[in-house]
Amino acid sequence: MNIRDFIFINKAKSPNKIRILDILGFDTNADLSHSPEIVKEINENLITSDIESEEILIDHQNNTEFYPLLESELEQETSIEQASTNTFEPINITSQIKKIWTDIESRRQWVVPAVLITATIFLIVSATGIFISNRNRQNEIINLYETLTKESNELINTLPEIITISTDNFYSKYDVSNSSANLQLIESTIMEYQRNLQNRDDLDVNNNLNNNLNNVFTLVNDLDKLISYRILLSEILIYEDLLIISDELDIDLLSNQLSEISATSKLNYEKLPEINEFTNHTLLVSETLKSAEDLHGRLIASLRNNETDVSNALLIAINMNKEIEQNSFNDALEVFKINKTNLYNSLDTLP
């Protein structure tokens, strides 16, 4: 300890001397020694005490590290001694858990109702959405059935026109082709209508309805067969201007053309569909082809032999052979038209 510390300690108040000595590292229980050497040293430096006091004061003011820290520690110790002992008591864990439990109990009063209300609203909204979706889907299905039924009846109403075109003696490839396309549309629509019958709870599917649908399919199929029959028949024994005899006739060319006609006619004959009203005509076509093939050979032979009278007679026979077949076909068309018209009149409107 130097003289400045000694003077500072003497000037300090007695309650704080012990704390200062403790901070400086001295024994707080020991009394300050006033040996003659120390007294002598103090007297020798008494002259300079004022100067040193001033230096100590200056050092005290400028020393921003030791003395403020010393005073701060003294004040902290004083505040610690004066503080209540309750401040340093440990936290009661049981009370904290009890507080948390109390908060949960208090919140349960609004959390549980809020959860129940939210769940109820969610269920109501979901059920309502499902109900509306099912109802809309059901309405769509009903509208689909109504649209399909309406379209089917409208297409069935076009059958009389198709019957007229198909049984007309005047053959038009354009009209027949359009009729064939319409028949395919009618058939596909009626088949769709029939497939949906098993899903319709508003309709009683009975024998009358099934029979009605079967009649529609029968009529459509027979008309489609007739159109195919007429298309194939239009290529059987078609001579056009080939049988016109002149002086410049090429007999070999005529022979080849007649052979091609016979071959094409036989090929189309084999493809003719079976129709009840045209059974006799089909048999007649078979005999007509045989007769035509024989007449063709005899005609070429007479032309090569310059047998003009025989050639003319054979030309008449060939034309009559085709005419007989054509008349039989027209008669079958008339029967077919009557039968299919009656079948159409027996049809009921689809429900």
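Which side chain meets aspartate 222 in a salt bridge? It is the side chain of lysine 340, at 2.5 Å from N to O. The pair links two helices: aspartate 222 lies in helix H9 (residues 207-233) and lysine 340 in helix H12 (residues 308-345), so the contact ties together parts that are 118 residues apart in sequence. Keep in mind that this is a predicted model.

Are these two partners buried or exposed? Aspartate 222 has 15% relative accessibility and counts as buried. Lysine 340 has 7% and counts as buried. The cut-off for buried is under 20%.

The count comes to 7 salt bridges. Three of them are listed here.

| Salt bridge | N to O distance |
|---|---|
| Aspartate 222 and lysine 340 | 2.5 Å |
| Lysine 266 and glutamate 293 | 3.0 Å |
| Aspartate 294 and arginine 298 | 4.0 Å |

Take the pair of lysine 266 and glutamate 293. Lysine 266 is partly exposed at 37% relative accessibility. Glutamate 293 is partly exposed at 41%.

Now turn to aspartate 294 and arginine 298. Both sit in helix H11, 4 residues apart, so about one helical turn separates them. Aspartate 294 is partly exposed at 43% relative accessibility. Arginine 298 is partly exposed, with a relative accessible area of 47%.

Salt bridges can also share partners. In this way Asp222, Glu277 and Lys340 are joined into one network.

Methods
Residues numbered from 1 in each chain as written. Predicted model: local features only at pLDDT ≥ 70, side-chain atom pairs only at ≥ 80, totals over all residues. Heavy atoms only, no water. Buried < 20%, exposed > 50% of the residue type's maximum accessible area, 1.4 Å probe, protein only.
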